[in-house]
Amino acid sequence: MIYNTLSKKKEPFATVRQGQVGVYLCGPTVYGKAHIGHMVGPVLFDTIKRYLTYSGYEVRWVVNITDVDDKLIKAADEQGISMAEVAELNIKDYEDNLAALGVTQIDDFPKATECMGEIIDFIAGLIDEGYAYESQGDVYFDVAKDADYGKLSNRTVTEMQGDGGGAAARKRSAADFALWKSAKTGEPSWDSPWGAGRPGWHIECSAMSKKLLGETFDIHGGGLDLVFPHHENEIAQSESCHGKPMVKYWAHNGLLRKDAAAGKIGGRAERQGADREAGADDAGGSNDAGGKMSRSKGAGGLADLIAKQGGERIRFFLLRTHYRSTVLFSEEAIEEAAVGLETFYRLFKRYERVTGKSFYDLKPATIRAGVAANDAAAAAKQKFVAAMDDDFNTGSAIGELFELARLTNKFCEDNKLESSASEADQTTLTTLMTTIKELAGILGLFLHSPASAGGGDELLGSVMQLVIELRAEARAGKNFAVADAIRDGLKPAGIVVEDRPSGAEWSGGDTASLEAVMQMLIALRASSRAAKDFATADALRDKLAAIGVTIEDRAGGAEWSHT
RNA sequence: GGCGCCGUAGCCAAAUGGCUAAGGCAUCGGAUUGCAAAUCCGACAUCGGCGGUUCGAUUCCGCCCGGCGCCUCCA
């Protein structure tokens, strides 16, 4: 079942062509850096493609890039570079962000400037059919000729209150929209039967989707804010031109909101606020942050956010909520959600301790089928798939992932796998873990070992500060065995400690040192405990906890982690 | 003004006309642990308000209150 904005209902999913699915998602207009709101659609549709592929469909997913537009021209003027350069810069940023969030399933990335021929042909076709007219070098779509105009956004032409904008004088009706805009001098332009100009915003999607997916394709997506006018106009163009439905299912994702009062992220209020600020305090510098001034209030750019939070946590956060609902976005919310993610990471380490194998090396089934380890796991898997079948209910599906994690941990507990695991137990555990990998993979989660959270050097610094402290305390308490053990233990890490009258100093160390120091500390803690020196052992643990490092004792040794 | 969406426990968030209203975070017990952490077990909601339809509604309908979006570029 899939919800269709056009019918306002969930409908059974049936493809246009047997076994094949064509998906088109409206991508960004690349006049500025991407913000988190731009990622909602891609993450969702990436998941949808993974799921449809898992379900046996052959999927082609297209995301267009609007690289010609008034705002691009403006940005180019402001930055003193060409429109193409502005686009190139921001496309790079967009693609980097997509990759960081695990969006890897896009098949085609058409750019408006690379499809000029198709766009012009499309417009010419509409004029021939009588749906569009030329006016002083512009071409407009004649809304009055399209009987069912407004069916997607549920409005009628007479309800439309717009004043037609600055080009009203050239239009037959205020509701008519531009297919082709004549160029002013100095603007980038393309030759056409109507003179030099550039395409209107909506036509590129009609032209590109036709080119890559055909006149009728399966799923067209985008943010809820695109329903009108963008998608409404796409329908008008394509269906007038082809005389048949453009899209089977219109799927719109909800928008992100900053907090209860702020309106959507990147929304009108924010931009107006930005303009005001820019006007008030912009000293005229390069100001490449453009209209994203809200970031100066602490939000940070998307790249920064990803660097700080990690793509997987953001993806997980986005997928926890149903795609059609509004999501209140904040870093705090991501961090809270990420706590749940740790459950899985710990389970993966546990698996490695028991079997010596990496979760990330498991090769699950890539297609619906396969067996689960037991009835409970089978039930969870079945519910996961059922949730995805019901309008891609990723939130509910994630619930089942947690259920599976619980089941797996319980299996480890009940059979004391950390002490000794039989061949059969290991096999069962592997089956359980493989099921988790299989289902999580549909959501684009746990595909690769997450890069160790950055700031290794910084962490080493705080760890060393603590080590020095600890050693100072040991020395003060005449516990020289511990003090010497620390100093000797640091040597293999390439770190030298020197005692000075003003206190101890340390030097040396490289990227491998952190791990070595931690191993030393773990060993120190073990020997302290063996000697019943709990004061030292506990002080060590508590100091580490203070800088966000935790040590967990296991049957097979201790492990540390940093949050 | 027109067209829509949302309101579930302290927080986030699913599902559902009747069967235990998922799951996560937090909190409180219990097992485990030298103490912790992790893990497991258990506790923790009558679904914004009012009225209607129904044998029965959190779920359908109406009204009200509260929050939000679109109607202009926007994922």
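Helices (H or I, at least four residues) and strands (E, at least two) are DSSP runs, numbered from the N terminus. The structure described here is a predicted model, in which local features need pLDDT of at least 70, side-chain atom pairs count only at pLDDT 80 or more, and totals for chains, interfaces and linings use all residues. Residues are numbered from 1 along each chain as its sequence is written, chains are lettered from A and ligands numbered from 1 in the order in which they are written, and side-chain values use heavy atoms, with hydrogens and water left out.

The secondary structure of chain A consists of 17 helices and 16 strands. The C-alpha trace of chain A spans about 95 × 65 × 40 Å along its principal axes. Of the 563 residues in chain A, 47% count as buried; buried means under 20% relative accessible area, exposed over 50%, and partly exposed in between (1.4 Å probe, protein chains only). A contact means heavy atoms within 4.5 Å. Among the contacts in chain A with a separation of 6 or more, 73% are between residues 24 or more positions apart.

The domain assignment divides chain A into domain 1 (2–253), domain 2 (331–442) and domain 3 (456–562). Such bounds come from an automatic or database domain assignment. Between the C-alpha centres of domain 2 and domain 3 the distance is 35 Å.

Lysine 478 is found in the loop between helix 14 and helix 15 (480–490). The phi of lysine 478 is positive, near 60 degrees, in a residue other than glycine. With a relative accessible area of 64%, lysine 478 is exposed. Phenylalanine 446 also has a positive phi, of about 60 degrees, although it is not a glycine. This phenylalanine 446 belongs to the loop between helix 13 (423–442) and helix 14 (456–476). Phenylalanine 446 is buried, its relative accessible area being 1%. A further backbone feature is the cis peptide bond between phenylalanine 228 and proline 229, with an omega of about 5 degrees. Proline 229 is part of helix 6 (residues 227–242).

A cavity was defined on a 1 Å grid over the protein atoms alone, as a set of points where a 1.4 Å probe fits but cannot get out; lining residues have an atom within 4 Å of a point. Grid points are joined across faces, edges and corners, and a volume is the space filled by probe spheres set on the points. The structure holds 1 cavity of 30 Å³ or more. The volume of the largest cavity is about 110 Å³. Its lining is made up of 13 residues, and those nearest the centre of the largest cavity are Val40, Leu318, Thr321, His322 and Tyr323. Two or more residues of this lining are given by each of helix 1 (37–54) and helix 9 (311–319). Helix 1 provides the largest share, 3 residues. By residue class, the lining comprises 9 nonpolar, 4 polar and no charged residues. In this division Ala, Val, Leu, Ile, Met, Phe, Trp, Tyr, Cys and Pro count as nonpolar, Asp, Glu, Lys and Arg as charged, and the others, Gly among them, as polar.

Threonine 394 is in helix 12 (residues 394–414) and has a relative accessible area of 2%. Valine 327 is in strand 12 (residues 327–328) and is buried at a relative accessible area of 10%. Valine 327 and lysine 264 are 63 residues apart along the chain, and their C-alpha atoms are separated by 9.4 Å.

A search of the whole structure finds 0 disulfides, a disulfide being a pair of cysteine sulfur atoms within 2.5 Å. The closest cysteine sulfur to that of cysteine 26 is in cysteine 205, and the distance of 3.8 Å is too far for a bond. Cysteine 26 is buried, with 12% relative accessible area. For cysteine 115 the closest cysteine sulfur is likewise in cysteine 205, at 10 Å, which is too far for a bond. Cysteine 115 is buried as well, with 3% relative accessible area.

Note on methods. On a 1 Å grid over the protein atoms alone, a cavity is a set of points where a 1.4 Å probe fits but cannot get out, and a pocket is an open set with protein on both sides within 12 Å along at least five of seven lines; lining residues have an atom within 4 Å of a point.
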